[in-house]
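Q: I would like a close look at one part of this model, followed by a walk through other parts described in the same way.
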Amino acid sequence: MEDPFDSERASLPRNMIENSMFEEEPDVVDLAKDSTAFPGFPALDPDEVVYEPRSSRLLVRGLGENELDEEEEDYESSARLLGMGFMNRSSARSPSSSPYTRQPSPRSCSCPSARVLVLGVFVLVLLSSLAMVLYFVPGCTFTKDGCPKANSSTPIEPVYPNSSTGEPFPWNEPWLPASVQPVTYDLFLTPNLTSMTFTGRTIISMKINHDTKRIVLHSSDLTITNAAFQVGKDKHDKVKVLEYKPWQQIALSFQEDLKAGQLCVLTLDYKANLSNTYEGFYNSSYNDMTGAKRILAATQFEPQAARKAFPCFDEPAFKATFLIRITREPEYISLSNMPKVKTTTLPSGLVEDEFKKTSVNMSTYLVAFIVANFTSVNTNISNTSVSVYSVPEKREHTHYALETACKLLQFYNKVFDVDYPLEKLDLVAIPDFLAGAMENWGLITFRETSLLVGNQSSPLDKQLIANVVAHELAHQWFGNLVTMRWWNDLWLNEGFATYWQYWSLMTEFPQLDAGDDFLEARFMAMAKDSLNSTHPVSVSPQLTSSEAVSEMFDSITYEKGAALLLMLNSTLPEGQFRKGLIKYLNNYRGCNTVTDDLWNSLTQVQVVSQQDSVSDMMRTWTLEKGFPLVTVNCTGGQVTLKQEPFLLTSDNITDTSRLWHIPVTYVNDSCSYEPSCRQMFVMRNKTATLKVSDSVKWLKLNYMNTGFYIVHYGDEGWNQLRDALMANITVLTPHDRAALIHNIFALSRLGRVSFRQVLNLLKYIAKETETAPLKEALSQLSYIYNLLDKRPGLQLVSRMKTYIFNHFGTVMDSQHWEEEDSVSKQELRSSLLQVACNLGRTNCIDGANALYDEWTTSNHTRLIPGDLQRVVFSVAAQTESGWHTLLEAYSRTTYDSEKRKILQALASTQDARRIAWILSAGLEGGIIQTQELPLVISTVSNGFAGHLFSWNFVKENWDRIIEKFPVGSYSIQSIIKSTTSQFSTQTHLDEVQGFFSSLKQRGAQMRSVQEALETIKLNQHWMDRNLPEIRQWL
Ligand SMILES: [Zn+2]
C-alpha cells in the first residue's frame, strides 16, 4: 500500500525485542504439537495444547542447514514435508518461534527442488525411525497431561468467551487456529448501487490439518443468512454459525472430530451494506462532466477488511485460490484480479461476469473487485495485458501511467529474474480512495492523483505517478508473490516496495532524480526513529489488535526498511544483493516468510571470505529500534570511533545496551568525491580505531549517506569540514553535503552541538547550488521558524526571517517563473519559492501574482508550470476574490494534480472564517472529498492562524473523524502529527495529554499519541536550551 501523506507519516513506540531471539538453540520438532505426523498415537487438537516452552522435545539432528524448524513442523503434516514446502525449513529460528508469541498460520505452498526431494526422502527415513522409537515411549508423552516436567506448571483450561447469541464461542484467541486451511474460495457477489447493499455467497473448500471440533474464520459486519457444510458425502444444509464480534470471528462447532486430511466445504450466504468508509466493499461517487452523480463500488482490504466483504480466513498466511463472479447492472463494467472469462445475462436483466480462477495462491488482503462505469487504455507487454482504467472523462490522462507501467514491468521481470505471473495487470484510478494506492494482485487501485496526469504536465507531477506505479508494481513480487507471514514483518512488503520504487526510477528514469527523494525519505525515517516511541522494523508477532496492525504502516516500516536495504546493497560486493533476492524470490514464491528467511537467502549467496554474515549484521538493525550515532575523533593518523544509540529524549535517559554492526564507510581530503574513494569496515563493538595517513586533514564518514547512522565529528572535525567546503564545495558529493547539514541539526536537537555550531556550518551555504543540500537546510530552518512563529512574544520570528533571507535570498530571487524541464531544479524552485512567498518576500509575491493574473485573464488557458502552481495559488488564496475564484476553479477542474494544489492553497488561507469553513467542508465531504481531510488539516496547521484552529477542530470532531479514518491508520497518524508537532509549551503538552488520555478505547493507546507527546517535550526542551543562543546569534 502506498501512503498518500508521504511527508507526514508518524512513527511508533514499544520495544518488543525478545532477547530469546538471539539464543542459539537447536531447532526442534515438537511431537506433542504434531501428533498427526505420527499416526497411531492419540491426537490432540494442537490448538488446545498449552505448550511448555522448550521442554520434553525431541531433537532431529543431522540435517545440516535444513534442520527442521519447530514452528513449521507444528503445522505441516509429514506428507507435506516430502518434496513440498521443504525449502521453508532452511530458515533459522525466527522471531515467531518464541513460544510466547502468536502461532503462525500454516504455510501452504510448494517450493520443490531436486535437493529438497533428496533431503525429503532422508527426512522420511528419519521420521519413520523416530516413529518406531516413539512407539515405545510412554503414552503420557502425547496426552494433555504430558509427562512430569521440571519447572512444569499446570496447563490452564481455556476459558471461552460468549458468542453474540450467548452460547460459548469455541475459540479464545485473536488469531485463527491452524487446524483448518482454506484451499479455494468461490465468491458470488451482487452489489446494488441503488440501495447501497450487496448480497454474497462464499463457498470455501478447505482441508483439515489437525483433528478438530471447530472451524473458525473471520467475518465483520456481514449478516449470515444461511450456512451449509459438507464433509465427504455428509452434507448439512443448515448449520449454526456462532459469532464473536470483538475479534470479528465466526465459528462452527462439531460434536465429532473433523479428521486431519479430510476435505470439507463451507457455504455461507450473507448480506451487508456497501461501506461508507474507505475499507471493505465500499461505495463511492463522483460527478461526471454533466454534473450528474455517478456511483461505483470498489474494495480496499489491506490490512484486515476482506472479512467485511466475504467470510474468510483473513490472515496473510492463509493463501488460497479464488474464483470470483460478480452480478451487475448492464451499464457498468466489473473488474477483479483475474481476466474475465464469461459474461451471462440473467433472467432478471442483470449481468453476471465470471473471472478466471486465480492461477496463484494469494492472501485475502490482495483480493479486489470493482463495479463502475470506467473506460480504459491497453497494451500488451511481455505476455501481459496492461490496462489503465479511469472515469470516462479522464481517459486522456491515463497514457503516462500506461507507458510507465509497461517500462517498469519489463524492468522488474528482468531484474527479479521471475516473470510477472498473471496474464493481465490493471491499474485503476478510483475517485474516492484513501491510500495512495493498493497493490491488489493484477488489479492495482490508485487515488486519481497518484495515477492520472496530462501529457503536458510538469515532470514533477509525472515523478509522483512514476513513484507510486513503481512502488505498487514492485509489490507484485515483494508482497504478492512472497508475502510476510504476519503484519509484524510488514517491512518485507513495504520496505522492499519502497526500496524498489526509488531504485527502479533511478535506473530506468534517471531524469526524475529519484535519488534526492530517497535521501529525503531516509532523513524522514531517522526523525521518527530517534524517538523513544519508535519500534523495530521487525516487531514481535504478538501484535494482534487492528489498531496495532494499522500502525505498522508508518515510515519505519516503509522508509527505514528501504534504507536498511540500501545500506546492505551498498555494503555487499557488486551483484550479490540482487543474487540473494533472486534466491529469496525463488525459495519462497507462493509462500509466506519472516525476516530471517530473507537474511538466510542473502547469506546463502555470500562469498565465504566475507567476515560478517548478512544475518549477523542485519539482525542488529531489524530487531533493534533506533539507529546509532558514531562519534569520530581524529588525532594524527589515529582515528577512534564510538557508537551509541541516537536517542532524542528530554529526560536524560542514556541507553548503552544496544550495539549495531555498522558498515562504516569513509573518505578523506585526498580522495573524497568518487565512489572509488570510499573505504569500508564493519564496526561491531562499542569502539573502534583505525589508522590513516598522518597527512589526512579531515574524514567524512557515511559516504553518500547510504548507512543508517548519524556522525558527530567533534568541534574541530566540524570546523575542518566547514573550511573544506568554504574552499571548494565539490570536495563532497551533494548527498554528502546534505547529510552534513542533516546530521548537525540532528546533533543540535540531541544537545551535542550548540546552535552556534549549526550556523557556523551553514556559512558555507551561500556557495551551495545543489537541490539536496539547499532543500535540507531550508527545511531544517523552516522547522525552527515554525516553532518560533507559534510562540508569539519571543520577537525572534522576524530575526529568523532575516537570517533566512540573508542566506537564501539571492538564490530565491534568481529563480525564474517559466517552464523548467529539470525535475531537480523544479523541486528546488518550488521549495525555495514556497518559503519565500510564505515569509512575504516581495519578489516572490510579485512573481506569483503576475502568473496568477495571466492565468485568470486568459481564462486558465495560459498554464502555470506545475511546480509553481501551489505557490502561485497560495499567494492568490490570501485575498478574498482570489480565494473565491480558486474555490470555483476547484469544483470545476478535472485535472487532479492541479486540483490538489488548489486545495492546499485554499487551506493556506489566514482568514479564520474560511479556515473554519474548509475544515468542516473536508469532514462533510461533497465539495471537498473526505479523503482529502488529512491534507486540509496539515495545511491549515502549518499557518499561524490555523494551527490552534485545527487542533480544536480535531478535538471537537474526533468521533466523526475516526468513523471515516480508522484508529491507527496513517491518516490518523498524519492528523495527530500535523496538529501537535509545532507545540512547544507545557500548557499545550498538558492539553494534548489530557485530550488523548480521555479517549480510552477511541485512540488513547496509539503510538502516534506517544510520539506527539515526546515531540512536544523535545520542542520545549530545545527551546529552553537554545533560546538564549538564538537571541544572541540571529
Ligand atoms: Zn506498499
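A: The model is predicted, and what follows describes its computed geometry. The axes of helix 14 (residues 734-750) and helix 16 (residues 771-789) cross at roughly 20°. Angles under 35 degrees count as roughly parallel, and helix 14 and helix 16 are therefore roughly parallel to each other. Their axes come within 7 Å, and the crossing of helix 14 over helix 16 is right-handed.

The contact itself can be read residue by residue. On the side of helix 14 it involves Pro-734, His-735, Arg-737, Ala-738, Ile-741, His-742, Phe-745 and Arg-749. Helix 16 contributes Ala-772, Pro-773, Glu-776, Ala-777, Gln-780, Leu-781, Tyr-783 and Ile-784. Sorted by class, the residues of this contact are 10 nonpolar, three polar and three charged.

Helix 24 (residues 933-942) packs on helix 25 (residues 947-956) at an angle of about 140°, and the two axes are 7 Å apart. Leu-933, Ile-937, Val-940 and Ser-941 of helix 24 meet His-947, Ser-950, Phe-953 and Val-954 of helix 25. This contact has five nonpolar and three polar residues, and no charged residues.

The strands come next. Strands of a sheet pair through backbone hydrogen bonds, either parallel or antiparallel.

Six bridges join strand 9 to strand 5 in antiparallel fashion. Within that pairing, Ser-253 of strand 9 stands opposite Arg-214, and Gln-249 of strand 9 is the bridge partner of His-218. Strand 8 pairs with strand 9 over three bridges, again in the antiparallel sense. Here Gln-249 is the bridge partner of Tyr-244. Strand 8 and strand 9 form a hairpin with four residues between the strands, where Gln-248 has a positive phi near 55°.

Another group of strands is built around strand 6 (residues 223-231). Strand 6 pairs with strand 10 (residues 263-273) in the antiparallel sense over eight bridges. It also pairs with strand 7 (residues 234-236), antiparallel over three bridges. Gln-230 takes part in both pairings: it stands opposite Val-265 in strand 10, and its bridge partner in strand 7 is Lys-235. The hairpin of strand 6 and strand 7 has two residues between the strands, and Gly-232 in this hairpin takes a positive phi near 60°.

The pairing is mixed in an open sheet of five strands, ordered 18-19-20-22-21. Strand 18 (375-381) and strand 21 (437-438) are at its edges with a single partner strand each, so one side of each has no neighbour in the sheet. Inside the order, strand 20 (residues 424-430) and strand 22 (residues 443-447) pair in the parallel sense over five bridges. One of the residue pairs is Val-428 with its bridge partner Thr-445 in strand 22.

Some local backbone features lie in loops. A cis peptide bond, with omega of about 5°, joins Glu-302 and Pro-303. Pro-303 belongs to the loop between strand 12 (293-300) and strand 13 (321-328). In another loop, between strand 30 (699-701) and strand 31 (710-712), lies Asn-702. Asn-702 is not a glycine, yet its phi is positive at about 60°.

The structure holds two disulfides, and one of them joins Cys-671 to Cys-677 with an S to S distance of 1.9 Å. The torsion about this S-S bond of Cys-671 and Cys-677 is about -75°, so the disulfide is left-handed.

To return to the part asked about: helix 14 and helix 16 are roughly parallel to each other, and helix 14 passes helix 16 in a right-handed crossing.

Notes:
Residues are numbered from 1 along each chain as its sequence is written. This is a predicted model: local features need pLDDT of at least 70, side-chain atom pairs count only at pLDDT 80 or more; totals for chains, interfaces and linings use all residues. Side-chain values use heavy atoms; hydrogens and water are left out. Axes are lines fitted to C-alpha atoms, for helices over the stretch in contact, and angles run from 0 to 180 degrees between N-to-C directions. Angles under 35 degrees count as roughly parallel, over 145 as roughly antiparallel, 65 to 115 as roughly perpendicular and the rest as oblique. A crossing is left-handed if the near helix is turned anticlockwise from the far one by less than a right angle, and right-handed if clockwise. Contact means heavy atoms within 4.5 Å. Ala, Val, Leu, Ile, Met, Phe, Trp, Tyr, Cys and Pro count as nonpolar, Asp, Glu, Lys and Arg as charged, and the others, Gly among them, as polar. Two strands pair if DSSP finds at least two bridges between them. A disulfide is a pair of cysteine sulfur atoms within 2.5 Å.
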